[in-house]
Amino acid sequence: MGSVLASFFNGPNSAEEDSSSSSLLQTFHSAPRWQLHFDSVKETSKLMVIDFSASWCGPCKLMEPALSAMADKFSDVEFAKLDVDQLPDVAQEFGAQAMPTFVLLKKGKEVDRVVGAKKDELEKKIDKYRCC
Amino acid sequence: MAVSGFEGFEKRLELHFFGDIDEDDNMLGLRLLEFESLEQVLFAVQCTVVSAVGNPFFDAYVLSESSLFVYPTKIIIKTCGTTQLLKSIPPLIHFANNLGLHLQTCRYTRGNFIFPKAQPFPHTSFKEEVIYIEQNIPINICYRKASVMPSKLPAHSWHVFTATCLPPLEFPHDDAAFTVEVCMTELNRHLARQFFMKSGDGKTGDIGGKEMTELTGIDTINPGAFICDFAFDPCGYSMNGIDGDRYSTIHVTPEDGFSYASFECIGSVYDDPDDIVVTLKKAVQVFMPETVSVSTTGCSREVWTKVAHAFEPLGLKCRSFAMDEFPAAGTIVFQTFTAARRK
């Protein structure tokens with residue numbers, strides 16, 4: 001059963017993953033640094049995926065390996081991780097109430113979102129929006 | 001009725017804990033359980049997580065065979081098929097103890113299995129189940145009661161076991177929340193077909209689940225709730241709804257011959273009693289079953305009286321009523337309904 005679960009939530013390259021080491025999945029702890037990053041990505045045509053999570057949320061931890069794998073797989077997409085308790089204003093601005101919430105943005109505007117540890121839906125939507 | 005098939009009727013376990021909850025941990029309690037620990041518990045039960053979502057009050061997991069809810073001081077696991085639900089008790093107590101939490105109350109409920117001979121130990125009989133629970137909970141949980149609540153339908157009775165260490169006068173009778181567990185069989189065939197995946201669709205899991213939720217109107221039962229859903233291949237559906245600190249959950253086994261659907265939710269004594277009735281009617285309307293059973297735990301007389309008449313507009317008549325008191329759980333009422341045109 002354990003291996004079934006692991007294969008469901010882990011991506012293909014997840015053998016020895018340190019989720020914070022992937023340069024394409026950055027965690028932000030302060031509002032000014034986040035704003036800087038957000039503004040710079042806004043200028044590009046890259047898809048941005050924000051992962052709103054919380055330390056008290058089990059389902060968020062469940063999704064972590066899958067998210068790291070997606071960050072590796074979709075190297076043309078910017079992934080950012082925000083803790084809703086550290087950045088409550090940003091969480092409120094994006095209306096993140098249930099966790100994890102993934103918001104997909106292009107040029108600073110929301111194009112879609114996924115709420116919950118829904119690996120399939122997230123991957124399909126990232127694939128859909130990452131080009132043009 | 002088929003000779004064998006998937007068992008839709010669930011086994012439900014609710015465990016309450018108490019202990020020193022560290023202020024620093026933000027009163028997270030059981031939510032601090034490592035996911036690896038939960039995985040071990042689910043491994044013992046023989047099911048896995050397929051989807052999940054959390055909010056400030058609790059975490060909700062959709063499992064391969066039903067649902068798991070983790071609150072700071074209580075865990076609710078509901079599983080169907082041939083899962084060994086009670087085997088979750090020893091590891092859960094162990095992991096909770098590691099967090100400084102101790103078992104206070106245990107409540108186990110289920111209906112009648114459609115295929116009882118297919119059930120593994122300790123679910124081979126209610127007697128075995130009770131013996132197993134009693135052997136695996138601490139001896140200070142000394143106020144215990146097991147009973148089978150009957151109906152006029154031999155295939156529908158309600159099995160209840162509760163145990164607590166709280167002395168009778170300390171039962172939290174001012175606990176405002178009550179639980180409603182609805183079991184539906186012989187679902188309308190046309191409506192049940194909506195829970196089969198379309199062939200060649202390739203729409204799996206959460207994407208397929210979302211479509212089923214919208215197509216069947218399950219999203220209108222409580223429009224304020226956020227729904228975490230999942231569609232199984234080739235058929236079957238599960239969802240957890242989260243709304244503040246309240247959950248609701250639906251599980252569907254749509255196959256003809258052993259079709260089954262369950263709906264469970266939390267109500268509050270502060271709600272308008274008509275609200276719960278409206279909710280139950282909407283849930284039953286999704287399936288239009290031939291038989292419905294409703295078990296309420298801890299609700300007011302007004303609520304279960306209204307439930308008795310709730311389904312009349314849907315052509316379902318109340319056929320039986322049973323009521324009993326259980327340690328810590330309070331009053332449990334079990335009512336069954338069948339199509340009015342049946343004698």
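How much space lies in the largest pocket? About 800 Å³, in a predicted model where local features need pLDDT of at least 70, side-chain atom pairs count only at pLDDT 80 or more, and totals for chains, interfaces and linings use all residues. Residues are numbered from 1 along each chain as its sequence is written, chains are lettered from A in the order in which they are written, and side-chain values use heavy atoms, without hydrogens and water.

**View 1. The largest pocket and its lining.** A pocket is an open set of points on a 1 Å grid over the protein atoms alone where a 1.4 Å probe fits, with protein on both sides within 12 Å along at least five of seven lines; lining residues have an atom within 4 Å of a point. Among the 34 lining residues, His16(B), Asp175(B), Ala176(B), Ala177(B) and Phe178(B) are the closest to the centre. β1(B) provides the largest share, four residues.

**View 2. The second largest pocket.** Its space is about 320 Å³. Of 20 lining residues, the closest to the centre are Asn222(B), Arg246(B), Cys265(B), Ile266(B) and Thr279(B). β13(B) gives the most to this lining, four residues.

**View 3. Helix α3 of chain B, residues 126–136.** Phe126(B), Glu129(B), Val130(B), Tyr132(B) and Ile133(B) are its buried residues (under 20% relative accessible area, 1.4 Å probe, protein chains only). These lie on the same side of α3(B), because they cover an arc of only 160 degrees around the axis. Lys127(B) and Gln135(B), on the other side, are exposed (over 50%).

Definitions and conventions:
Helices (H or I, at least four residues) and strands (E, at least two) are DSSP runs, numbered from the N terminus. The arc is that of the directions from the helix axis to the C-beta atoms. Grid points are joined across faces, edges and corners, and a volume is the space filled by probe spheres set on the points.
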